[in-house]
Amino acid sequence: MMVLLQQKELNLKPMGLGDLFEVVAIERQSYIKPWSFFLFLNELKDNEYADYLVLKNENKVLGYGGMWNFYQYCHITNLAVAPVFRQKGYGCMLLGALLNRAGVRGARRVSLEVRATNGSALRLYEKMGFREAGIKKGYYGDEDAVFMNIALEDK
Ligand SMILES: CC(C)(COP(=O)(O)OP(=O)(O)OC[C@H]1O[C@@H](n2cnc3c(N)ncnc32)[C@H](O)[C@@H]1OP(=O)(O)O)[C@@H](O)C(=O)NCCC(=O)NCCS
């Protein structure tokens with residue numbers, strides 16, 4: 001999938017092994033408890049339910065997102081944009097692409113967890129149509145998670 005935004009050519013592609021060093025660098029800048037290189041490697045190589053995308057400008061990874069597909073149900077596992085490229089619409093673009101892929105695969109519902117204090121992510125998910133479905137107490141050990149989901153037929 002290729003899109004034009006602000007005169008730049010952006011590419012949304014399935015994440016490949018060659019993207020992993022950049023993805024892990026962004027992951028470390030984005031999460032309190034980042035996934036390791038080997039966890040991403042395992043997702044790409046061995047998890048048949050995993051679906052990960054990278055957003056690239058030429059060869060540079062700007063952001064990425066992923067989910068697990070369980071047929072009628074998908075769960076977003078992570079979504080991050082490199083700090084210098086945030087608030088330019090790339091998070092929405094990645095999440096929109098994941099939702100489209102989930103829909104094409106026949107998913108009816110997509111869910112995720114987000115830290116209760118992560119205001120920017122909560123706003124992004126609400127803007128994209130996710131709604132709070134509950135609180136998972138102590139989910140992150142140090143913090144609660146807001147459990148959110150979206151019914152794709154409502155989009
Ligand atoms: C959450 C994240 C992916 C958003 O990416 P982004 O590219 O900056 O998001 P967008 O530019 O597409 O913004 C989309 C919407 O998100 C919300 N948003 C994004 N950044 C925000 C901020 N700093 N403050 C308030 N709202 C914000 C806004 O509603 C925005 O829509 P608007 O521009 O119309 O107001 C990014 O901040 C990030 O990588 N954070 C660290 C990792 C993370 O927390 N991931 C989510 C884990 S569940």
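In the predicted model, a side-chain N or O atom of Y31 is placed 3.4 Å from a nitrogen atom of the ligand, a polar contact being a pair of N or O atoms within 3.5 Å. A ligand nitrogen atom also lies 2.7 Å from a polar backbone atom of L79, and an oxygen atom of the ligand is 2.7 Å from a polar side-chain atom of N118. Of the 920 Å² of accessible area that the ligand has on its own, the protein covers 77% (Shrake-Rupley method, 1.4 Å probe).

Residues are numbered from 1 along each chain as its sequence is written. Local features need pLDDT of at least 70 and side-chain atom pairs count only at pLDDT 80 or more, whereas totals for chains, interfaces and linings use all residues; side-chain values use heavy atoms, with hydrogens and water left out.

The shell around the ligand holds 21 residues, of which L79, Q87, G89, N118 and K127 come nearest (a heavy atom within 4 Å). By class, 10 of the shell residues are nonpolar, six polar and five charged, with Gly counted as polar and Tyr as nonpolar. At least two shell residues each come from β5 (73–81), α3 (90–104), β6 (109–115) and α4 (119–127), and α4 supplies the largest share, six residues. Helices (H or I, at least four residues) and strands (E, at least two) are DSSP runs, numbered from the N terminus.

The ligand sits in the largest pocket, the criterion being that more than half of its atoms lie within 2 Å of the grid points. A pocket is an open set of points on a 1 Å grid over the protein atoms alone, where a 1.4 Å probe fits, with protein on both sides within 12 Å along at least five of seven lines; lining residues have an atom within 4 Å of a point. The largest pocket contains about 1,200 Å³ of space, taken as that filled by probe spheres set on the points. Its lining comprises 34 residues, with Y31, L79, N118, A121 and Y125 closest to the centre. The greatest contribution to this lining is from β5, with seven residues.

Methods:
Polar contact = N/O pair within 3.5 Å; in protein donor to acceptor, adjacent residues only side chain to side chain.
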